[in-house]
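Here is a quick tour for someone opening this model for the very first time. Take a look at the picture, then read on.

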Amino acid sequence: MIEVVLNDRLGKKVRVKCNEDDTIGDLKKLVAAQTGTRAEKIRIQKWYNIYKNHITLKDYEIHDGMGLELYYD
Amino acid sequence: MANRTDPAAKSIRGTNPQNLVEKILRSKIYQNTYWKEQCFGLTAETLVDKAMELDHLGGTHGGNRKPTPFMCLVMKMLQIQPEKEIVIEFIKNDDYKYVRILGAFYLRLTGTDVDVYRYLEPLYNDYRKLRQKLPEGKFSLTHVDEVIDELLTKDYSCDIALPRIKKRWTLETLGSLEPRRSVLEDDFEEEEEKEENDQLDGLEEEAHEKQDYYRGRSPARERDRDRRRDRDRYRERDYDRDYDRDYDRERGRGRDRDRDRERDRDRDRDRDRDRDRDRYRLRDEKDYGRDRERDREWEGRERERRDRDRGRRRSHSRSRSRSKDRKDREGGEHRKRHARSSTSPRRRDGAEENGTREEPKKKKERKEKKEDGTDHPDPEIAEANRLRASLGLKPLK
């Protein structure tokens, strides 16, 4: 179980607990549940790499405590 | 400027009609090549031509959320705001299904509640296939009536948040609308009459029930289905609204199967139980003619009782397996079941608990998944697991 921090630099900063083998799509659902936006509208990036929905956090090498950028579509 | 709304256009729901589409999606549409090339200077007539060329519907797709031509045309309609008659013509036209869907979508966004229901409900009868582009970029198959159902019941479709409309029953009580008459209603009435006429042999209804039950059934279960399902179907129709569909439907069916069917599974405990079951079945058939209401309530109560009993049961068997060996446990349960079998609901709990191989396994699996996650000692993690279960994810490790 890892905890990831997502920040949209406009005031929304959320910490989400998830498994390493969750996909980005699952992470978006969890973030949507916490922030109130729709999961389809969320975009998770790291600098210019947009993270794809079907790849797991483990494959993206997202570790515990790592910060990701939260954008909206 | 190409992106400004027609100055003669009315404001929809208090704002510029283009604002119905939210800002980010709007900018994406404005930057889209289809919009820039094809949708420049479109009027209502030329828009029809473009709409006839559509071959799929959808919202945005891909990593950078590219809008579909369908989206661009919806935006164009919002921009030029065609007359209501034109939109209704779009909906009424039968030849081009995508033009129909485009008109229906636009009406859903801009029309009044009564109009929406009045013009969109006839489209429920249209069952043609449509191609829908998913957010991942793949295509999926859907149907016109499915899309209309989404438009009328959900509040988000094709990446646009649909404006809120009043619920149908509100409009019915206000008197603005008449109660919904489905085209299939006549067929249903015929079926009900037939049901009441021949209670005992429902052979001709098997075909219909195959349709009803197909969704919830596993193939193994289909094999064992009994013919006599009148009560099930009646209950299912009324229950759909009140209860959680799949779970309760399965349980209802399972229970009825326990009650009514000849079992062809080998279980050595069944022998004595069969006797009790037959007794019970006769009683049920008498009840059916009389009072369906009572059955339904009783079922609800019975379900609660079964839940309670099952919990109790399970703990019993668990403790038993720990202390004694298998044979003793089976013998003990067999004895216990015998003692209870005089009272029919309890006996059916016994039947249910150690009953059909498929059902308890499925139910246990489902329960275990949730229980493993949500009864974690740490409350935060339990909470997180509950959320995950509601989203359909596995619990945290």
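## Chain B at a glance

Chain B shows an accessible surface of about 22500 Å², with 48% of it belonging to carbon and sulfur atoms (Shrake-Rupley method, 1.4 Å probe; for residues, only the protein chains shown count as cover). This is a predicted model, where local features need pLDDT of at least 70 and side-chain atom pairs need 80 or more, while totals for chains, interfaces and linings use all residues. Residues are numbered from 1 along each chain as its sequence is written, chains are lettered from A and ligands numbered from 1 in the order written, and side-chain values use heavy atoms, leaving out hydrogens and water.

Chain B has 20 helices and seven strands (DSSP runs numbered from the N terminus: H or I of at least four residues for helices, E of at least two for strands). Of its 397 residues, 48% are buried (under 20% relative accessible area; exposed is over 50%, partly exposed in between, with a 1.4 Å probe and protein chains only).

## Where chain B meets chain A

Chain B brings 18 residues to the contact and chain A brings 17 (contact means heavy atoms within 4.5 Å). About 1700 Å² is buried between them, 57% of it from carbon and sulfur atoms; that is the accessible area (1.4 Å probe) the two parts lose on being put together, summed over both.

Six salt bridges link chain B and chain A (a side-chain nitrogen of Lys or Arg within 4 Å of a carboxyl oxygen of Asp or Glu). In one salt bridge, A:Asp21 pairs with B:Lys397 at 2.4 Å, N to O. On the chain B side, the elements giving two or more residues are helix H1 (23-30) and helix H20 (379-391). The largest share, five residues, comes from H20(B).

Over all chains, the whole structure holds 22 salt bridges. One of them joins B:Arg128 to B:Asp94, with the closest N and O atoms 3.8 Å apart. These two sit 34 residues apart: B:Arg128 is in the loop between helix H7 (113-120) and strand E4 (129-133), and B:Asp94 is in the loop between helix H5 (84-92) and helix H6 (97-110). B:Arg128 counts as partly exposed at 24% relative accessibility, and B:Asp94 does too at 48%.

B:Arg100 and B:Asp126 also form a salt bridge, at 2.5 Å between the closest N and O atoms. B:Arg100 lies in helix H6 and B:Asp126 in the loop between H7 and E4, so the pair ties together parts 26 residues apart in sequence. Both B:Arg100 and B:Asp126 are buried.
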